[in-house]
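Have the structure open while you read.

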Amino acid sequence: MSESNRALLSHYVTDVTGNVFALKNLPEEVAAVLFAYYSRSNDGLRENLIKLISEGDLAISSPADNAEEGEPLAGAQEKARAFHEKWVVGYGHGSVAEHAVVKLAAENVSILASKLIEDCRLASYTEKSTRYVAFDPSKAMYPEDIMASPVADVYRDAIKRLMNAYVDMQAPVIEQIKERIPRTEKQSPRAYEAACKSTACDTLRYLLPAATHTNIGLTINARSLETLIGKLLSQPLIEGQQLGEQIKREAVKVIPTLLKYADRNEYRASLHCAKPARTAAPVAVPPGQSGVCVLEPYFDEEQALTLIGLRSGVTRPAGEGVAALLAGRGLHDAPPRSFERISLTFEIVMDYGAYRDIQRHRMATLVTDNLTPALGYERPRDLEAFGLEGIFVRLMEQAHEAHDAIAKAGFPSEAAYVLPLAYRVRTLFTANLRELFHFIELRSSRQGHPSYRKIAQQVWDETNRIYPSIAEHIRVNRNQYSLTRPAS
Ligand SMILES: Cc1cc2nc3c(=O)[nH]c(=O)nc-3n(C[C@H](O)[C@H](O)[C@H](O)COP(=O)(O)OP(=O)(O)OC[C@H]3O[C@@H](n4cnc5c(N)ncnc54)[C@H](O)[C@@H]3O)c2cc1C
């Protein structure tokens, strides 16, 4: 390789000679096309990169040399665009688009709409925590069409009432927490203060309306993003559609060709119309309660054990085989893939705050009803203990009335914004046993929010009822904590 090519490559790859190297400083679409060239070339990626650059009429130069001019890879980008137009967009070689990755920030998104963005299996998310951050009461969704309607004041008052209560209760709740759980010698005053504040956030998040603004960091490949944008643009919720447009507008600046056809999809939109506006009655969880029930059909335990234990080299009886597969599993180890052969479906009725967290499990399939007041709301035990239950109940009832008035005024989707996270929602949660190990162990842990810890424990109870000899290997935390004890 010539010295000049070696110098050029050193700006784009971490090693110019070794068999394994990372790419750097390359536009996402150029990186994707380079990987795609593997399937049509005897050359390595570096040779292809040099060809792409020279065929793109690019003078050999480094990004630093060309910083003033700004577009050192313009020719290569143009070739990449032509490739993607032909192969990815035109001939449907869609997996190439997975090598182009975008990192997006979506700020001041309502919690309600955040669930639409996070409903994507092949993406990575990090969202502002309701557990560690006291939310700013002035930041919430006020939809333009509602603000221009006769129910504007109903909406505004409903949000303000909840937000004000959330703020006003912080100090008294923190005081009560401190009275109940004094600082231990091991804790620094600063750590203790922070832990008491988080515990108060855990308790008070039930009051936050679904309109509350949050921030989301999203890392996603172009193929998945095209689907996500299409889903958002096909939503009945106007904020969802606006997010679809904004995400597309910003992401095309990074991957211009691959998102060209990210559009509203009429089929998807029709599915929303077909979905009943009101929540269906739970089929297994008793009315007026939250809870978890496994739904039929499922394999009986012998069949399940046999299916999981079937693995080359394992010739013991089925139950023993499963135990052997799990022997020596470390704290952070997942069970083997064969555990994915068996899935269970649970009907889960839970507060929307818990749903907000549980929906994040991408290996599970969640089919969820719209958020409405139909299933009632959770009463956090801690608020009762703090003597705040009366105010809480009044706030919940006022939110219900506001919801109904807004829905009746012609905003059935947007009415959910005024419902606080305490209101329940029903989901059908399907997960394979491998994911159930992860879900139960993570979500029942002491660090977790009490609302989803209880659900994880109930999911374990149900799994144990159906598959006791598998459930016994799941490290469930069965403890209840009346308050999340401040961490040391
Ligand atoms: C105590 C606690 C605090 C949390 N705080 C926050 C917070 O402040 N903000 C926030 O946004 N979230 C927070 N979360 C949620 C957390 O970050 C995860 O999104 C959530 O727990 C889902 O878990 P998961 O990603 O491990 O599992 P799943 O999505 O269920 O996936 C199962 C497993 O598959 C693998 N996997 C799945 N997808 C990928 C992928 N794209 N890349 C690599 N591996 C993958 C991983 O091994 C993963 O553990 C918190 C969770 C807990 C328990």
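## Ground rules

Two strands pair if DSSP finds at least two bridges between them. Helices (H or I, at least four residues) and strands (E, at least two) are DSSP runs, numbered from the N terminus.

This is a predicted model, where local features need pLDDT of at least 70, side-chain atom pairs count only at pLDDT 80 or more, and totals for chains, interfaces and linings use all residues. Residue numbers start from 1 along each chain as its sequence is written.

## The sheet

Strand 1 and strand 3 (residues 213-221) run antiparallel, paired over 8 bridges. Within strand 3, Thr219 sits opposite Lys103.

Put together, you get an open sheet of 3 strands in the order 1-3-2, with antiparallel pairing. Its edges are strand 1 (101-110) and strand 2 (123-127), each pairing on one side only. Neighbouring strands here are turned by 20° against each other on average, direction ignored (axes are lines fitted to C-alpha atoms, for helices over the stretch in contact, and angles run from 0 to 180 degrees between N-to-C directions).

## The helix across it

Helix 10 (residues 222-233) lies across strand 1, strand 2 and strand 3, at about 135° to strand 3. Contact means that the C-beta atoms of two residues, placed from the backbone, lie within 7 Å.

## Around the ligand

Which residues come nearest to the ligand? Of the 14 around it, they're Glu127, Ser129, Arg360, His361 and Arg362 (a residue counts as near if its C-beta atom, placed from the backbone, lies within 6 Å).

Strand 2 gives the largest share of this shell, 4 residues, and helix 18 (433-443) supplies at least two.
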